[in-house]
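This report covers the packing of secondary-structure elements in one model.

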Amino acid sequence: MQFIQKALLTIALAGGASASAIAADRLSAEYSEPRGGQTTLVDQAKRYSAWNVARMLDDPQFVKALDRRLAGDAKAVMLGTLLDDVRQPDAQTKASADKLRFLDQRVREHKAVARDAKNLLEVRLYTPRGHETAARPDMSKLLVAYAPAGKRSEWSDVEAFDHLGQVQLLDARTPPATPVLIVGINAREDMRAGMAYVNRALRDAGLQSVPPKLAAKGASSLATGDVETTRLDRITLANSQEPWISGAAEIFAVVSGVQPDQAKAELSVVDMPYLDYANTAYTPNQIMVFWSSYRYGAANIQLFEHDDNTNYKDLAVALSQSVSAILGVFAPSYAVIGQVATAILQAMPSGWFSNDDDYVDSFYTIERGRTYDNYRGAANNATMTLSPYLLRAQ
């Protein structure tokens, strides 16, 4: 069976599409598994999307739209937006566009963010260092690559397609000398939508309090309605040796502890959209902990990196079930705070802890009212400066 037919058939059957509709797709490449190890629906979707985009480079209208969208400082464009720009596509481009829209829908459904995101698939332009000021490349001649399956630490080759759909292999660790188009998941949008889903699920499971609202100006309340928080003033990550095809990192935090008024864990997932590169100091002034949600004035902060294959429904269920199973009906005590952090690590996919960078670091028992200056995490991979911050009632 041809590889594109098999890939699309796998994805379509997962979404309930008919096999006969897929069989009508007449493509020429021979089947082979995506490189890099065991593959998932998302891996198959990225590969098939890259192949389709490469084949669409024969259409001048598509190339014109692509060149316009990636002009100037723009480095990426959502495939849905790009496809809408092509006003008079040829027959092949139209057929490929239909498949790409279908794939985007399947990926969003698979990751449980169809409600929270309209598009996830994107195409971005990788430009080698030193080429930023060079003449714009001819988009129709570029290779179209995708991030391999499996562990990044084990990647050796990156599969790319030319406009004929033929495969060329690029080195995973050595950046290419010429620009390359990369098709994949828009990690920023994936994270935004995924965090919305997980936090909603945690609230529904009774494992997340609603952050307090500041009292209105002039309202009478204890301490004038001010809210005690801990703010992230500065953060730096160690060198993560990201392959060139991966792009910027996307980091999120899980803040955890014990609820103030009942024997339940408190979990909150916090997006950190600014934290892109290692060995770079970021000063976000981001609130990480609302102390009214945590007993004992202590909480954990654990950092993780976005993974294309994350199913946010599964993640939310795993977090809820793992924390509840480990803690059970506990007698609240200070020691439980550390047990919550342990349960979170056990809930995360096993692949995140085996020579990959998806697990970043843990900061255990951060205390209310304390300042932490250049404080190293348990894994020695992140350094944070945290300070007390009082949100004033307006």
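## Terms and basis

A crossing is called left-handed if the near helix is turned anticlockwise from the far one by less than a right angle, and right-handed if clockwise. Helices (H or I, at least four residues) and strands (E, at least two) are DSSP runs, numbered from the N terminus.

The model is predicted: local features need pLDDT of at least 70, side-chain atom pairs count only at pLDDT 80 or more, and totals for chains, interfaces and linings use all residues. Residues are numbered from 1 along each chain as its sequence is written, and side-chain values use heavy atoms, with hydrogens and water left out.

## Helix pair α7 and α8

The crossing of α7 and α8 is right-handed. Helix α7 (residues 187-204) packs against α8 (residues 312-327) at an angle of about 35 degrees, the axes being 9 Å apart. Axes are lines fitted to C-alpha atoms, for helices over the stretch in contact, and angles run from 0 to 180 degrees between N-to-C directions.

Contact means heavy atoms within 4.5 Å. On the α7 side the residues include D190, M191 and Y197, and on the α8 side Y312, K313 and L315 are among them. The contact residues divide into ten nonpolar, two polar and two charged. Ala, Val, Leu, Ile, Met, Phe, Trp, Tyr, Cys and Pro count as nonpolar, Asp, Glu, Lys and Arg as charged, and the others, Gly among them, as polar.

An open sheet of four strands has the order β9-β8-β11-β12, with antiparallel pairing; two strands pair if DSSP finds at least two bridges between them. Because β9 (265-272) and β12 (359-367) are at the edges, each with a single partner strand, one side of each lacks a neighbour in the sheet. The twist averages 20 degrees from one strand to the next.

Strand β11 (residues 298-305) is joined to β12 by six bridges, and Q302 stands opposite S362 in β12. Helix α9 (residues 336-347) packs on the sheet and touches β8 (251-258), β9, β11 and β12, its direction making about 15 degrees with that of β11.
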